[in-house]
Protein chains: 2
Amino acid sequence: MSATPPLYGGIEAGGTKWVCAVADAEGRIIATTVIPTTTPRTTIAGAVRFFQEHRTLTAIGVGSFGPLDLRTGSPAYGHITATPKPGWAHTDVVSPLRSALRVPVGLDTDVNAAALGEWRRGAGRGLETLAYMTVGTGIGVGAVANGRLLHGLLHPEFGHIRVPHDRTRDPFAGSCPFHGDCLEGLASGEAMRRRWGRRAEELDDPGAWELEAEYLAHAVMNLTYTLSPERIVIGGGVAKHPGLMARIRARALDLAAGYPAIPELTDPAAMDGYVVGPSLGDHSGITGAVELGVRRLALA
Amino acid sequence: MSATPPLYGGIEAGGTKWVCAVADAEGRIIATTVIPTTTPRTTIAGAVRFFQEHRTLTAIGVGSFGPLDLRTGSPAYGHITATPKPGWAHTDVVSPLRSALRVPVGLDTDVNAAALGEWRRGAGRGLETLAYMTVGTGIGVGAVANGRLLHGLLHPEFGHIRVPHDRTRDPFAGSCPFHGDCLEGLASGEAMRRRWGRRAEELDDPGAWELEAEYLAHAVMNLTYTLSPERIVIGGGVAKHPGLMARIRARALDLAAGYPAIPELTDPAAMDGYVVGPSLGDHSGITGAVELGVRRLALA
């Protein structure tokens, strides 16, 4: 009866920094550290050192930037694959952590981890189907569908959908190295920086934010018509701009044009509860990463 | 040991006709009939009469045109809701069938039924995640995600996503009464008829079909980047045009531009197995409708 409760590790593995946390099975965080993302070897070694201070860890979960190979049985399972980030293409993330720490390691995309975090402990509790969209340097979506994270062929790469681009209103050709003017190429923080010559945080021009809301409202509606989530959580640094969420909701109602005639797409109050910010603030990702560890243990 | 095997009913409830079938639990069809879609009362009565000839039915499944209220617990569960089809808005489909036939009745969208049919007995067998897109008078998507039909907020209404529309190349304003130039407004059979003044079956102009392939390739890629299905089945009358599938696949490979670098999006042979026609031909919907009955019984 006096056994110590099990502890889990979580890593929010981003392109700039790795946030590492130790938490209990309920997601209460006990210790954290931040490691700059340098080379794979140095970064992973830093995470290992942090976790080795906590002898009782029973599993670790990683929410990582991608693309990732998540197909169990694939020889490259657990690898970051064709990322443009220098030094990180084809990096095995799972094996070195598992070897050094001798615990099961769960892995999913950073946005799937954030979706899982919000679904278990935040704005998506009790729902069957939830989408989490991050709008920061890039744009991505993670989703829980029918109570499980969505994978399929690979995992959602929602930043790369195409949305209408009126070149008269917005002559910017787009910043995506693959697609030019896909959603990420038009509406990510990087796209804003290149279009306006200034970082999103420093941008005040109402026209710039109206254009941003236009693209993100298209994103909300395409996500709604494709995945039919019960709620859409929008996180990430760009989404924090004051007033942006209200503009997105208003424009999404315009675009829906009353179809289908359900409250979420016709009534502004219901829309306010449909497109929301993250309940966990900046902790959606790390909370979900810990939960990936808890779930990985259940499978181990 | 000599018990008669259970029989199930299925209805593919379309806006023009209702296809009704009696089948065994393995989906083998024993009897069918076709009833024109007139008023709700007459059409439903015709279906009831057909099924009453088969005393041993144990459950019925219906794949219906929509939109539908599928939220269990909703007062309007089992209703066709805000359809523009005259006489059919707010029609309760489930209750009259259940009352007259005294069997459990399963209901889902026509495209979810077709997705289920292809997933259980056709091109999607063994997959976790499958999308079925129909391109006929309208455009719709049904999907199995994580082994279950996708519902969420309502159900996918994929025909209404927006895709890029170059008005220089295609000045047609679109045929959707709600959105104008959404996907359905640009690429459905109805859109083709209004743009070209001729039904798709009578249309030979290669430019018309190149434009059609452009929109449907955008649909394929947006679906891929959002839902990440393991396979996309494209059915419906318009999709039968010779050469159209090959054009869609080729253009989808162009649009993917190598991202992410997986065989399905980079290798034409793998793409051929990723975007396919229905294995069940014109029977995806009725096969899935019967399966909705089998599944409804499991829940009853």
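Author: In this predicted model, helix α6(B) meets helix α7(B) through P206(B), W209(B), E210(B), E212(B), A213(B), E214(B), L216(B), A217(B), H218(B), V220(B), M221(B) and Y225(B). On the α7(B) side, the residues are L244(B), R247(B), I248(B), R251(B), A252(B), L255(B) and A256(B).

Reader: How do the residues of that contact divide into nonpolar, polar and charged?

Author: The contact of α6(B) with α7(B) has 13 nonpolar residues, 1 polar residue and 5 charged ones.

Reader: At what angle do α6(B) and α7(B) pack?

Author: The angle is about 55°, and the axes of α6(B), residues 206-227, and α7(B), residues 244-256, lie 8 Å apart. The angle therefore makes α6(B) oblique to α7(B).

Reader: Is the crossing of α6(B) and α7(B) left-handed or right-handed?

Author: The crossing of these two helices is right-handed.

Reader: On to the chains. How many residues of chain A are in contact with chain B?

Author: There are 44 residues of chain A in contact with 44 residues of chain B. The two chains bury about 4,000 Å² between them, with 61% of that on carbon and sulfur atoms.

Reader: Which residues of chain A lose the most area to chain B?

Author: They are L153(A), T226(A) and Y259(A), which together account for 19% of what the chain A side buries.

Reader: And how many salt bridges are found across the interface?

Author: The rule finds 3 salt bridges between chain A and chain B. E264(A) and R71(B) also meet through their side chains in a salt bridge, at 4.0 Å from N to O.

Methods. Residues are numbered from 1 along each chain as its sequence is written. Chains are lettered from A and ligands numbered from 1 in the order in which they are written. This is a predicted model: local features need pLDDT of at least 70, side-chain atom pairs count only at pLDDT 80 or more; totals for chains, interfaces and linings use all residues. Side-chain values use heavy atoms; hydrogens and water are left out. Axes are lines fitted to C-alpha atoms, for helices over the stretch in contact, and angles run from 0 to 180 degrees between N-to-C directions. Helices (H or I, at least four residues) and strands (E, at least two) are DSSP runs, numbered from the N terminus. Angles under 35 degrees count as roughly parallel, over 145 as roughly antiparallel, 65 to 115 as roughly perpendicular and the rest as oblique. A crossing is left-handed if the near helix is turned anticlockwise from the far one by less than a right angle, and right-handed if clockwise. Contact means heavy atoms within 4.5 Å. Ala, Val, Leu, Ile, Met, Phe, Trp, Tyr, Cys and Pro count as nonpolar, Asp, Glu, Lys and Arg as charged, and the others, Gly among them, as polar. Buried area is the accessible area (1.4 Å probe) that two parts lose on being put together, summed over both.
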